[in-house]
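Here's a quick briefing to read alongside the model. Have the viewer open and follow along.

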Amino acid sequence: MWLSGEQAGALPTDWAFTDEHTEIAVEVATPYLLSHSVTIWCAQVGGTLYIGASVPDDKNWPGWVADDPNVRLKIGDDIYAVRLDQISDETEIAAVQQAYMQKYDVESVGGGAPVRYWRVGA
């Protein structure tokens, strides 16, 4: 449910350190007044952090992000309060997919299933 850890101060200007983390957690607000947390993969491109959800229409949390894009991320022991911005630019998506494939040593992202991506920001 709620993430525990040390609340980080200012957001990093370069998220490249996340390359060392294979999984992070995202905490989203729900309509039930309880937080919901899931473990996900992440990738960074040029210091900008991205998260994604495969088959997003089959999961609740991507819809909750659409309702309230203010989330908390747990990376290592630190908690970051961030805002997620869904991306739709095909060039940006292609760069993010390439970063995921390289980081996780996979030939494709989502195994051909739909994937929704968000850029992490303030």
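Predicted model: local features only at pLDDT ≥ 70, side-chain atom pairs only at ≥ 80, totals over all residues.

Residues are numbered from 1 along each chain as its sequence is written, and side-chain values use heavy atoms, with hydrogens and water left out.

**Overall fold**

- The protein chain has 2 helices and 8 strands; helices (H or I, at least four residues) and strands (E, at least two) are DSSP runs, numbered from the N terminus.
- Reading from the N terminus, the order of elements is β-β-β-β-β-α-β-β-α-β.
- The radius of gyration is 14 Å, close to the 14 Å that the globule rule gives for 122 residues, so the chain is as compact as a globular protein of that length. The radius is taken over C-alpha atoms, and the rule is 2.2 Å times the number of residues to the power 0.38.
- Along its principal axes, the C-alpha trace spans about 35 × 30 × 20 Å.
- Of the contacts with a separation of 6 or more, 69% are between residues 24 or more positions apart (contact means heavy atoms within 4.5 Å).

**Surface and charge**

- Buried residues make up 39% of the 122 in the chain; buried means under 20% relative accessible area, exposed over 50%, and partly exposed in between (1.4 Å probe, protein chains only).
- The chain exposes about 6800 Å², with carbon and sulfur atoms supplying 47% of that. Areas come from the Shrake-Rupley method with a 1.4 Å probe, and for residues only the protein chains shown count as cover.
- There are 7 positive and 18 negative charges, and their mean positions are 5 Å apart. Lys and Arg count as positive, Asp and Glu as negative, while His and the chain ends are not counted; each charge is placed at NZ of Lys, CZ of Arg, CG of Asp or CD of Glu.

**Strand pairing around S8**

- Strand S8 (residues 115-121) runs antiparallel to strand S5 (residues 48-54), joined by 5 bridges; two strands pair if DSSP finds at least two bridges between them.
- In S8, Arg116 sits opposite Ala53.
- S8 also pairs with strand S7 (residues 78-86), again antiparallel, over 4 bridges.
- Trp118 in S8 has Gln86 opposite it.

**Positive phi in two loops**

- Most residues other than glycine have a negative phi.
- Val55 is not a glycine, yet has a positive phi of about 45°. Val55 is in the loop between S5 and helix H1 (61-67), and counts as partly exposed at 27% relative accessibility.
- Asp105 also isn't a glycine, and its phi is positive, near 50°. The loop between helix H2 (90-104) and S8 holds Asp105, which counts as exposed at 71% relative accessibility.

- Glu92 belongs to helix H2 and is buried, with a relative accessible area of 17%. Leaving aside residues up to four places away in sequence, Glu92 touches Tyr50, Ile87 and Arg119.
- Ser37 is part of strand S3 (residues 35-40) and is partly exposed, at 22% relative accessible area.
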